[in-house]
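These are my notebook entries on one protein model. I set down what I looked up, entry by entry.

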Amino acid sequence: MAAEGANAFRAALGRIGFSAEAQNAVTDEGMGGIANITQLARLHKDQIKRVCKVLRDNEVPVSVMAEQMFEAMRYWVKQRLRLQQPVASALFTEEVAEETAQRFAIAQDELAAKATDKEGLKMPDKFKHGTNFRVYDEVMDTYLNQFLGVSNVPINYVVRKQDEPEEDAVYENEAEEAVAIAPLVGDVFDIDNRRVYGIIKSLIIEGPAWAFITPTVDRAKDGRAAWLLLRDHYGNESFMNRDIEEAYNQIDALHYKKEYANFSFEDFITQLTKHYNTLERNAEYVSEEKKVRDLLKKITDPTLEAAKQAIRINPMYKQDFSLAANFLSSSVTPLTKGRERTISSIKQQQNKQKNSQQNSKGRGRGGDGRGGSAATGYIQPEDWSKMSREQQNSVLEARGTKRHIEAITANPPVEPSVPSQVTATGTNVSVITTDVPTVNSQAGREFGRQAHRG
């Protein structure tokens, strides 16, 4: 049997480009020492290169392509053993060898890509009250898929939904197939399972989900059992109904009236799509036609009436929510930068005036903490012009300048003098308590300058 095994192995080596001399050297105890194809699983891929180097150093030619196919043969053996599939040299035909070589090259590229992705990979947020477990389940699956287990299978196989793969299932790639069919028993699984448990525990131990992890599961560090417990609890019908009701409530509350800086049409569509996806995750399906009808009802912006009418008469838009939303989005007039600056300027001016009013109230001697009033400092002309009459008077009173002059006109009539105490009726002057000299326009300008200087 051992001889038959060695002969079958040498024949398989011949099918991937090894000469008779190279075949014998691989199985020779003094050189390669590999007695059968199954033993390849014990070698690291770098050891395959070492075997080929030993042969070349002993003047046994091995081509680069033969070495690559030898690595693919080892890859095929490890894959079959990991998935508990039969391994025999006769099964490694030329067709299988070529297909395996292609899959091996793709797998190497995927490993390199995953290594790059993991550099910026962010761990999921901790599971807290209010976290949607169905969404969290998907996030965890994606996160665990970035890590390879002992046998180079992404460790999200530990928390997959089905124990056994579906019959006649079609997979996008070899990695997806490996996740679906990797055994959930054995030494390899035990190592990966404990690793997954450590990740799960770190994410749930401070939240409500930890209450459902039994002491037995914790002692065993059983990642799959822990995740199944959470899936059974948070995935039951009562939680599904709660999520469905909340999604419908959120959809009912959403409306679009016009474009706002803090709620755009894009925000509106994003929220709707999110809640429809929540319904679908909970097997609550809403037809595309109903989504479109509800979308049109929720939009009351008059500038979109023409676009809404176009959707109503177009069967293609009426039956595709995403298509209708994209069409409407192209008709939305976005906020311009000029408008945003105007709004910002108005808010800044309002805040400035509000602060000025607050500062003018209660000002008195020593109001600035330095023995004097903050209002007696210099005020820029442009700021003075923006102040209300009441604010200006408050400043003048604080400075002690308002009591000298009650009213000034730009071009008053020239009068020789005014008696020291006069009561006038029917004019703008009610009481004059001091002699007021003639004021000309130059004096008025000087007063304005004094007001700003303080």
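**Entry 1. Overall figures.** I began with burial: of the 454 residues of the protein, 32% count as buried, where buried means under 20% relative accessible area, exposed means over 50%, and partly exposed lies in between (1.4 Å probe, protein chains only). The model is predicted, so I note that local features need pLDDT of at least 70, that side-chain atom pairs count only at pLDDT 80 or more, and that totals for chains, interfaces and linings use all residues. Residues are numbered from 1 along each chain as its sequence is written, and side-chain values use heavy atoms, with hydrogens and water left out.

I recorded 20 helices and 2 strands in the protein; these are DSSP runs (helices H or I, at least four residues; strands E, at least two), numbered from the N terminus. The protein exposes about 28100 Å², and carbon and sulfur atoms supply 51% of this area, by the Shrake-Rupley method with a 1.4 Å probe; for residues, only the protein chains shown count as cover. Among contacts between residues at least 6 apart in sequence, 62% join residues at least 24 apart; a contact means heavy atoms within 4.5 Å.

**Entry 2. Nonpolar cores.** I then looked for nonpolar cores, that is, sets of buried Ala, Val, Leu, Ile, Met, Phe, Trp, Tyr and Cys residues joined through side-chain atoms within 4.5 Å. The largest has 34 residues, and those with the most contacts inside it are M140, L144, Y157, I204, W227 and L230. Helices α6 (133-144), α7 (174-181), α8 (187-204) and α10 (223-234) each supply at least two residues of this core. The largest share, 7 residues, comes from α8.

**Entry 3. A buried glutamate.** I found E67 in helix α4 (residues 64-82). E67 has a relative accessible area of 12% and is therefore buried. Not counting residues up to four places away in sequence, E67 touches I48, K49, C52, R56 and V62.

I listed F265, I269, L272, T273 and Y276 of α12 and F321, A325, L328 and S329 of α16 as making the contact. By class, the contact has 7 nonpolar, 2 polar and no charged residues.

**Entry 4. Positive phi values.** Most residues other than glycine have a negative phi. I noted E59, not a glycine, with a positive phi of about 60 degrees. E59 is found in the loop between α3 (45-57) and α4, and is exposed at 71% relative accessibility. I also noted K221, with a positive phi near 50 degrees. K221 lies in the loop between α9 (215-220) and α10, and is partly exposed at 42%.

Technical notes. Nonpolar A, V, L, I, M, F, W, Y, C, P; charged D, E, K, R; others polar.
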